[in-house]
Amino acid sequence: DYQDFYQNHFRYIEGPERKTSKEIFRNRTVTGSREYKFIMKSITDLKESSKILDIGCGAGSLVYEFSKGGHDCIGIDFDDYNFEYGKSIGLNLLNCSLGDLDYSRKFALVLMHHSLEHLNNPNQYLKVIYEMLEDNGYLYIGVPSMQNKRFGSDQLHAITFPHIFCFTLQSLVNLLGKEFFSLYARDGGTGGIHLYTIFQKV
């Protein structure tokens with residue numbers, strides 16, 4: 001099933017088993033730091049103690065950045081092998097699904113860094129995320145761009161296993177709009193490799 005695939009098989013797709021070492025984690029924090037700066041520059045009313053959730057957190061590089069910044073950040077994913085180093089430095093990383101979380105205290109920000117394209121029913125997840133967020137809360141989404149100019153006219157190159165969906169900025173706005181989110185900020189897009197966006201709950 002879905003959980004079994006990401007817990008036991010996904011890490012083998014690109015070759016040898018990927019277990020996050022200290023060195024690999026540090027390399028991933030380069031990307032995490034870049035996205036953290038984009039988010040913090042865009043969302044000026046995010047309080048230092050804000051509660052934040054990272055869905056599909058991988059090794060926890062974004063959890064690391066936000067925790068370092070003083071935020072109460074939790075990461076969830078299905079692969080314990082990716083968690084080991086992050087847990088060893090005190091990150092709050094959980095092997096669980098979205099439905100397992102207690103969100104009686106709402107989140108100010110939810111992060112989905114290269115995880116939305118893996119979901120087989122994104123609308124269902126977005127409905128849950130909407131309920132988890134504070135009023136006027138934020139949802140950060142980073143996805144590969146369907147309009148990557150490197151693909152040229154052959155957009156079949158954008159279809160990558162195990163990505164279930166591919167997005168342009170407009171298709172992402174359309175999807176999120178159906179679940180009552182409005183585009184708040186963006187970075188990248190037309191012609192770029194990746195599309196980084198922030199939506200706000202309305």
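Is cysteine 73 buried or exposed, and what is its relative accessible area?

Modeller: Happy to walk through it with you, keeping in mind that this is a predicted model. Cysteine 73 is buried, at a relative accessible area of 3%. Its closest cysteine sulfur belongs to cysteine 57, and the two sulfurs are 8.6 Å apart, which is too far for a bond. A disulfide would need the pair of sulfur atoms within 2.5 Å, and by this rule the count for the structure is 0 disulfides. Cysteine 166 has another setting: with a relative accessible area of 31%, this residue is partly exposed.

Now to the charged side chains. The structure has 4 salt bridges, and I will go through some of them here.

Let me begin with aspartate 72, whose side chain forms a salt bridge with that of arginine 105, at 3.2 Å from N to O. This pair connects distant parts of the chain, 33 residues apart: aspartate 72 belongs to strand S2 (residues 72-77), while arginine 105 sits in the loop between strand S3 (93-95) and strand S4 (107-113). Cysteine 73, where we started, is buried, whereas aspartate 72 is partly exposed at 31% relative accessibility. Arginine 105 is partly exposed too, with a relative accessible area of 43%.

Another salt bridge brings together the side chains of lysine 127 and glutamate 179, with an N to O distance of 2.9 Å. Lysine 127 is in helix H5 (residues 122-132) and glutamate 179 is in the loop between helix H6 (169-178) and strand S6 (181-188), so this contact ties together parts of the chain 52 residues apart in sequence. As for accessibility, lysine 127 is partly exposed, having a relative accessible area of 47%. Glutamate 179, on the other hand, counts as buried, at 6% relative accessibility.

The side chains of arginine 34 and glutamate 35 also meet in a salt bridge, at 3.5 Å from N to O. Here arginine 34 is partly exposed, with 45% relative accessibility, while glutamate 35 is buried at 1%.

Among the salt bridges, the one between aspartate 72 and arginine 105 links strand S2 with the loop between strands S3 and S4.

Definitions and conventions
Residues are numbered from 1 along each chain as its sequence is written. This is a predicted model: local features need pLDDT of at least 70, side-chain atom pairs count only at pLDDT 80 or more; totals for chains, interfaces and linings use all residues. Side-chain values use heavy atoms; hydrogens and water are left out. Buried means under 20% relative accessible area, exposed over 50%, partly exposed in between (1.4 Å probe, protein chains only). Helices (H or I, at least four residues) and strands (E, at least two) are DSSP runs, numbered from the N terminus.
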